[in-house]
Amino acid sequence: MAARNGGRVIAGGEVRPARIVPVTAAAEGDLAPVLASRFVKAANDAAARGAALLVDASLARAVKGPAVWVHEHATWAMATVLDEVKLEDVPAVVGPGCAVAPTAVLGPRVVLGARVRIGAAAVIGHPGFGWAFGPAGAVRAVPQLGGVVIEDDAVIGPLCTIDAGTLAPTRIRRGAKLDAHVHVGHNGDVGEGAILAAQCGLAGSVTIGKGALLGGQVGVSDHVTIGDGARVAAKSGVIGDVPPGAVVAGYPAVPRMRWLRALAHLYRRAGRG
């Protein structure tokens, strides 16, 4: 793979991985991309389980293992490896008691549990919005092969879009409710019983905890975790993790009472102008 796609092999050049999987799940026989510093600990744990690692060059000194492939453009290399993956476009699997609108689109590798409701013109399993930057500023799409899993009793409103995951499914857990026009980016995980009001937008790899409530038009930055039972006021912009049970508002989202006090302060100052 390194000979075809560039980079340098630090160790384990004879290893022949059979799968490419997320670093948190990788073990012997797997290749796991390590693309950001947040994954260094998980990468070293995966290496201890015998996984081979595709490591961004900026992280090479932080990651050790029996099989390490370092690349200046590791996301680009991952994309080219995914191009080589042999994977059938398996039709969607629809569980018992589901109601899927005739105009909804279910892509390959989409799995619906029991009693799932999908509204009109929803698009489930479209390739996620993932791009890789390569040599000389080249840009290419990252294949999104992980599909989508929507668990029992979830409700997906009209015109929702749920992108396919990259290496593993984007997941909507049991009983979650998505209002119309909600977007869930690739690799997202919406927790059991969570409720997302209309026009919420989740960037890639966002985790929404069990029972969390998001008001209308909330935007959430990539790789953010919103904890169990947290509440996010409408139109908030969430750019950092939200603790379980917290109530936040504003942009950037902060504890709701702090945001209200700040607004009151601004309005008082404006009134004196």
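## Strands β9 and β14

Strand β9 (residues 110–112) pairs in the parallel sense with strand β14 (residues 148–150) over 3 bridges. Strands here are DSSP runs of E with at least two residues, helices are runs of H or I with at least four, and both are numbered from the N terminus; two strands pair if DSSP finds at least two bridges between them. Leu 112 has Ile 150 in β14 as its bridge partner.

The model is predicted, so local features need pLDDT of at least 70 and side-chain atom pairs count only at pLDDT 80 or more, while totals for chains, interfaces and linings use all residues. Residues are numbered from 1 along each chain as its sequence is written, and side-chain values use heavy atoms, with hydrogens and water left out.

## Open sheets

β9 and β14 belong to an open sheet of 7 strands with parallel pairing, in the order β6-β9-β14-β17-β20-β23-β26. Its edge strands, β6 (93–94) and β26 (225–226), each pair on one side only.

Another open sheet has 9 strands and mixed pairing, ordered β7-β10-β15-β18-β21-β24-β27-β29-β30. At its edges, β7 (99–100) and β30 (254–255) each have a single partner strand, so one side of each is left without a neighbour in the sheet. Within this order, β27 (residues 231–232) and β29 (residues 247–249) pair in the parallel sense over 2 bridges, and Val 232 stands opposite Val 248 in β29.

## Pairings of β11

Strand β11 (residues 123–126) pairs in the parallel sense with β8 (residues 105–106) over 2 bridges; Ile 124 in β11 is the bridge partner of Leu 106. β11 also pairs in the parallel sense with β16 (residues 161–163), over 3 bridges, where His 126 stands opposite Asp 163.

The largest pocket has a volume of about 1,100 Å³. Of its 39 lining residues, Phe 39, Thr 166, Asn 187, Ser 205 and His 223 are the closest to its centre. A pocket is an open set of points on a 1 Å grid over the protein atoms alone, where a 1.4 Å probe fits, with protein on both sides within 12 Å along at least five of seven lines; lining residues have an atom within 4 Å of a point. Volume is the space filled by probe spheres set on the points, which are joined across faces, edges and corners.

The lining of the largest pocket has 20 nonpolar, 15 polar and 4 charged residues. Nonpolar covers Ala, Val, Leu, Ile, Met, Phe, Trp, Tyr, Cys and Pro, charged covers Asp, Glu, Lys and Arg, and the others, Gly among them, are polar. The second largest pocket, of about 830 Å³, is lined by 36 residues, with Met 1, Pro 17, Arg 19, Leu 31 and Val 81 nearest its centre.
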